[in-house]
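Subject: Structure handover

Hello,

Here is the structure for you to look through. Please open it alongside this message.

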Amino acid sequence: MVNKKVLNTSMKPVMMKEPKSRQQSNVERSSLFARREAAKVLRSVLHGDAHRRALGSIKTLVYSPSIRNKKATFALVCQTLKCKPEQASNKKNIDLPIIKDVLEIANVLNSKWKRQGELMYIITYDILFGQDASLTGDAEKYLMLRKGPLQSALAKILVRKGAKRVEDLMAQYQIPSDVKKPRYVRVNTLKLDVETAVCELGKEHEVLKDDMIPDLLALPPGTDLHNHPLVLDGSIFMQGKASSMVAAALGPKSGWEVIDACAAPGNKTVHLAALMKGEGKITACELNKDRVKRLEHTTKLAGAASILIIAFASYVEVLHEDFLNLNPEDHLYSKVRAILLDPSCSGSGTTADRLDHLLPSHSSGDGDDVSRLIKLAAFQEKALIHALSFPAVERVVYSTCSVHQIENEDVIKSVLPLAESYGFQLATPFPQWPRRGLPVVEGSQHLLRTDPVEDKEGFFIALFTRSTGHFPASPQKIEMDVSSDEVKHEAGRRCHRRKRFVRSLPFAKISGFYLHRNSIICRR
């Protein structure tokens, strides 16, 4: 009996230690997985920034459905990116990340690990600046064995930067906080009514209804809802006020056929579906195959994609296609009544929210270079001309998240004569909104701007409308600064009668935010 008691007593500590050991193992596995997810996001961010063809902002990529440990991944990506030295006046390429400099000075990577550079950046950050207690995995063990050379390389950088401690170096690169910006959420009325959403969210947070967008709610700044059940099941979407104004400005009616021309990630698409009360058809176009997957997920999450099964009268059709390739004369689009055009833009109005200040292109000073803005504006003009050419369209919204005049008022000014020949006129979305377009185009009082300082986002919205009695039998030939053939289908076959010569003269306007395009066109 004594031996049995001794045996039982000796077993108790072992039984108590097992949960702790298992818990530690779970932490290690979670950290291991987060580092690989962060490396995947970092690879997409750096590749997109280098080629100026981003799949999405840092936040968009981190909070995509494929990322499971979002909070840890977001922290790792941001912390790794912000470790970059100040730009020296005599060296244009000094904007490489500190971590990359450390790895280059230490010279510890062989060809195998160099091919996984982004993962090496993440792990090196954890070793030097984060927590290396839970570093498990082959790549982690490889770098941990070389911790000495990494620390020596960091010491050399500290001397170069004139910093006495790592904390002093890191303090130079704090991420700007957006604590003053309210957390806006849009209620997905396909799944949930506004009052129920207010009641549920109000259990933990102060909730205010927006005075302009009926299904938009404002919560205190810094409110984290990424793991809230209403977010996870698509009952509410985290969407800024300015972004939510775009679909509301279009104002599609129930039963209409609508095109969302550049739809991914799909927040505006499902907002359109909710405004149409699930009745009608939305064709959501997206050219990039990776962004198509995100668009499909968003529509399914919102319940918009399943409307076809529930009531055959309405659905969202995700189309993996360039909007410019859609033929306005095709009978498939003969009943399209409204088009939402939110084309690719510089994103200059949401750089703080997108964390673009962390990107290499931003620190090198060429994030919004003039040549890129000119190319963007040319595409935006083509897309808007194309949208206005659909025969039955009554309403077209053109929007950007840019503060640059070249992407906003200049595009409207160049297209307006053609739009008027088609029977369109500029209408005024949200007449109560105080901030309007720059006075560089006739009808600027109808254009809408949000201010990146006052409103925490810089958006632009233009609304074209025409009545059903003013549809032209065929597009009128008008005299413009370019040939009519080139204007009507600039996205298709280009007219070669005359070459188009453009001279661009950028200048700063209104606190350096707005760029103007001064083009000289050779007339025929």
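Overall

Please bear in mind that this is a predicted model. The protein has 524 residues, of which 48% count as buried. Its secondary structure comes to 20 helices and 14 strands. Among contacts with a separation of 6 or more, 71% are between residues 24 or more positions apart.

Helices H6 and H8

Helix H6 covers residues 117-128 and helix H8 covers residues 147-161; their axes are 11 Å apart and the packing angle is about 80°. An angle of 65 to 115 degrees counts as roughly perpendicular, and H6 and H8 are therefore roughly perpendicular to each other. On the H6 side the contact is made by Thr124, Ile127 and Leu128, which meet Lys147, Leu150, Gln151 and Leu154 of H8. Sorted by class, this contact of H6 with H8 has four nonpolar, two polar and one charged residues.

Salt bridges

The count comes to 14 salt bridges.

Arginine 36 forms a salt bridge with glutamate 140, and the closest N and O atoms are 2.7 Å apart. This pair links distant parts of the chain, 104 residues apart: arginine 36 is in helix H1 (residues 2-51) and glutamate 140 is in helix H7 (residues 138-144). Arginine 36 counts as partly exposed at 31% relative accessibility, whereas glutamate 140 is buried with a relative accessible area of 0%. Both residues also belong to a network of salt bridges that links Arg35, Arg36, Asp126 and Glu140.

Glutamate 457 forms a salt bridge with lysine 181, with 3.7 Å between the closest N and O atoms. Glutamate 457 lies in the loop between strand E11 (448-449) and strand E12 (460-465), and lysine 181 in the loop between helix H9 (166-171) and strand E1 (183-187), so this pair ties together parts that are 276 residues apart in sequence. Both ends count as buried: glutamate 457 has 7% relative accessibility and lysine 181 has 14%.

Lysine 209 forms a salt bridge with glutamate 195, the closest N and O atoms being 2.3 Å apart. Here lysine 209 lies in strand E2 (residues 208-209) and glutamate 195 in helix H10 (residues 194-201), so the parts tied together are 14 residues apart in sequence. Lysine 209 is partly exposed, with a relative accessible area of 48%, and glutamate 195 also counts as partly exposed, at 48% relative accessibility.

Cysteines

How many disulfides does the structure hold? The number is zero. For cysteine 345, the closest cysteine sulfur is that of cysteine 401, and the two sulfur atoms are 3.4 Å apart, too far for a bond. The cut-off used for a disulfide is a pair of sulfur atoms within 2.5 Å. Cysteine 345 counts as buried at 16% relative accessibility. Cysteine 199 is partly exposed, with a relative accessible area of 47%.

Regards

Notes: Residues are numbered from 1 along each chain as its sequence is written. This is a predicted model: local features need pLDDT of at least 70, side-chain atom pairs count only at pLDDT 80 or more; totals for chains, interfaces and linings use all residues. Side-chain values use heavy atoms; hydrogens and water are left out. Axes are lines fitted to C-alpha atoms, for helices over the stretch in contact, and angles run from 0 to 180 degrees between N-to-C directions. Helices (H or I, at least four residues) and strands (E, at least two) are DSSP runs, numbered from the N terminus. Angles under 35 degrees count as roughly parallel, over 145 as roughly antiparallel, 65 to 115 as roughly perpendicular and the rest as oblique. Contact means heavy atoms within 4.5 Å. Ala, Val, Leu, Ile, Met, Phe, Trp, Tyr, Cys and Pro count as nonpolar, Asp, Glu, Lys and Arg as charged, and the others, Gly among them, as polar. Buried means under 20% relative accessible area, exposed over 50%, partly exposed in between (1.4 Å probe, protein chains only). A salt bridge is a side-chain nitrogen of Lys or Arg within 4 Å of a carboxyl oxygen of Asp or Glu.
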